[in-house]
Structure formats: C-alpha cells, structure tokens
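Please look through the sequence and the model before reading the points.

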Amino acid sequence: MKLSLSFVVTAIIGIYGSNALPFFVYAQELPSQSQWSKIYTDSQAERGDILYQENCASCHGLQLEGTEIAPSLLGNTLTAKWNNRSLDELFDYQQALMPMNSPGGFDRQQNADILAYIFQQSNFPSGKSELPINQDAQRQIMILLTAPSK
Ligand code: HEC
C-alpha cells in the first residue's frame, strides 16, 4: 500500500497531537548548507571584487580589514556577528542598508556578487554554483562561525 505524505502527517498528528507538528516541520526545513560548503564561484567573486573596490572599500578597507568608520568584513569578524542565522538575513541587511552613503543602491545580483567576494577574501571555499539571489535558496544556507564536522 502506498501512503501519501499528507496521510502520514495526519496520522502523526493523530497519534501525538499537534505538538508533533513543529518538530516535523523543523526537521524537514533545517538547512544543510553553510558558507563553508562551496556556495559561490570564483568568477562571481571577481565581479564582486570590482563592485566592492568602487563602492565599499572607502569605508570597509581595501582588504576588507575595516577602517575607523566601518567594521571589517573578514572571516570570523563577520561570521561571529551573524553566526547561526541564515544567509538571507545578512543579504537583506546589505541589500537594504549598504552602501551606507547610498543605501539600496545595488540590485540582488550585484549584492550576491559582492557577498561572494567577501566570502572568497575570507577563505571560504568556492565551488561550481553561484551564490543564489533567490531568498528561498538563501534561506537554505546558514552562516556558521565554525566549520561543521563532516
Ligand atoms: C559610507 C561608509 C560605508 C560604505 C560606503 C559601505 N559601508 Fe557597509 N557599513 C558601514 C558601517 C558604519 C557599518 C556598521 C553599521 C552598524 O554596525 O550599525 C557597515 C556594516 C556593513 C555590514 C555588516 C557588517 C557586520 O559586522 O555585521 C556589511 C555586510 C556591509 N556593511 C557591507 C557593505 C558593502 C557590501 C558595501 C558596498 C556595496 C558597503 N558596506 C559600503 C559603512 C559603510
């Protein structure tokens, strides 16, 4: 006999009560990717490099090291602040508030390219697919201070 998903869910709720539902949903949606798992390409980071140097370096530093007016965007400094949050939160922040002298000045593709550059400069590994511009896809990627053990 073949069981449909909705039948199984209904059966679980029937047996365990509605308390079972949050756990079920949570277990299904837990993101498995992070900025450690090759979420951007090198050519994307190259596009971001150009945008970064022209529009962000004046405040965040030529090497992303930070200046007196803006924080460093490198590695642990950035990921410690965003640890355990999904990538779309950092993306939305950058999209809405940066560059600080012209907030929202870049489109989603440009912001994704700049983030790819930031991750590349922080030595997170590059891969074969670009950092996504789509929010649902970004929600599947966590920012993690320490690399998950395999
Ligand atoms: C005029 C100066 C200025 C420019 C230009 C600028 N920023 Fe910022 N940025 C800031 C400041 C100041 C903060 C810290 C804001 C705060 O902590 O409230 C910040 C914060 C950030 C953060 C969050 C850092 C953290 O530690 O959470 C990111 C990401 C960021 N900027 C990216 C960018 C990008 C990408 C650009 C270029 C498109 C850019 N910024 C251009 C001043 C600037």
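A residue counts as near a molecule if its C-beta atom, placed from the backbone, lies within 6 Å of it. The shell around the ligand holds 18 residues, and the closest are Cys 56, Cys 59, Ala 70, Met 98 and Pro 99. The model is predicted: local features need pLDDT of at least 70, side-chain atom pairs count only at pLDDT 80 or more, and totals for chains, interfaces and linings use all residues. Residue numbers start from 1 along each chain as its sequence is written.

**Ligand shell**

- The shell around the ligand is made up of twelve nonpolar residues, five polar ones and one charged one. Here Ala, Val, Leu, Ile, Met, Phe, Trp, Tyr, Cys and Pro count as nonpolar, Asp, Glu, Lys and Arg as charged, and the others, Gly among them, as polar.
- Helices and strands are DSSP runs numbered from the N terminus (helices: H or I, at least four residues; strands: E, at least two).
- At least two shell residues come from each of α4 (57-60) and α5 (75-82). The largest share, three residues, is supplied by α4.

**Nonpolar core**

- A nonpolar core is a set of buried Ala, Val, Leu, Ile, Met, Phe, Trp, Tyr and Cys residues joined through C-beta atoms within 7 Å. A residue is buried if 20 or more other C-beta atoms lie within 10 Å of its own, exposed if 12 or fewer, and partly exposed in between, with C-beta atoms placed from the backbone.
- The largest nonpolar core has 22 residues, and those touching the most other members are Tyr 40, Ile 114, Leu 115, Ala 116, Tyr 117, Ile 118 and Leu 131. Two or more residues of this core come from each of α3 (42-55), α6 (87-97), α7 (108-121) and β3 (141-143). With seven residues, α7 gives the most.
- Two residues are in contact if their C-beta atoms, placed from the backbone, lie within 7 Å. Not counting residues up to four places away in sequence, Ile 118 touches Leu 64 and Leu 73.

**Sheet**

- Two strands pair if DSSP finds at least two bridges between them. Three strands form an open sheet in the order β1-β3-β2, with mixed pairing.
- Because β1 (33-34) and β2 (85-86) stand at the edges with a single partner strand each, one side of each has no neighbour in the sheet.
- β1 and β3 run parallel and are joined by two bridges. Gln 33 stands opposite Ile 141 in β3.

**Gln 95**

- Gln 95 lies in helix α6. Gln 95 is buried because 20 other C-beta atoms lie within 10 Å.
- Leaving aside neighbours within four places in sequence, Gln 95 is in contact with Gly 104, Arg 108 and Asn 111.
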